[in-house]
Amino acid sequence: MDDPAEVFRAGNTSYEAGEYFEAIETYRRLTDAGVVNADLYYNLGNAYYKNDELGHAVLFYVRALRLQPRNAEAKDNLGLARSQ
């Protein structure tokens with residue numbers, strides 16, 4: 001695997017460009033390699049949400065909150081995803 005920080009940045013670049021499927025694919029390279037990180041899970045949840053994959057979005061928001069229970073943005077986004 002490439003440098004995880006570089007892969008994460010590449011996922012962020014795709015997300016910021018509105019390329020949500022590409023962002024998901026890039027972030028999943030990290031999760032598939034065993035990377036456990038709250039920011040990664042949160043960003044992956046956001047990408048899934050923007051890609052209208054609410055079930056996956058919920059899953060990754062929950063994973064982010066397990067690592068950072070006080071993450072207000074993840075809590076808010078989880079509530080939003082669940083309400084839809």
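Student: Which residues in H2 are buried?

Tutor: In H2, that's Ala 23, Ile 24, Thr 26, Tyr 27, Leu 30 and Thr 31 (buried means under 20% relative accessible area with a 1.4 Å probe, protein chains only; helices are DSSP runs of H or I, at least four residues, numbered from the N terminus). This is a predicted model, where local features need pLDDT of at least 70 and side-chain atom pairs pLDDT 80 or more, while totals for chains, interfaces and linings use all residues. Residues are numbered from 1 along each chain as its sequence is written, and side-chain values use heavy atoms, without hydrogens or water.

Student: What do the buried residues of H2 pack against?

Tutor: Helix H1 (4-16), helix H3 (38-50) and helix H4 (54-67). Take Tyr 27: leaving aside neighbours within four places in sequence, Tyr 27 is in contact with Phe 8, Gly 11, Asn 12, Tyr 15, Leu 40, Asn 43, Leu 44 and Ala 47 (contact means heavy atoms within 4.5 Å).

Student: How do I read the way H1 and H2 pack?

Tutor: Two packed helices are described by the angle and the distance between their axes. Here the axes of H1 and H2 come within 7 Å and cross at roughly 165 degrees (axes are lines fitted to C-alpha atoms over the stretch in contact, with angles from 0 to 180 degrees between N-to-C directions). H1 and H2 are therefore roughly antiparallel, a label for angles over 145 degrees. Among the H1 residues that meet H2 are Val 7, Phe 8 and Tyr 15.

Student: And what happens just after H2?

Tutor: Gly 34 takes a positive phi there, about 95 degrees.

How values were computed: Buried < 20%, exposed > 50% of the residue type's maximum accessible area, 1.4 Å probe, protein only. Helix = DSSP H or I, 4+ residues; strand = E, 2+ residues; numbered from the N terminus. Parallel < 35°, antiparallel > 145°, perpendicular 65-115°, else oblique.
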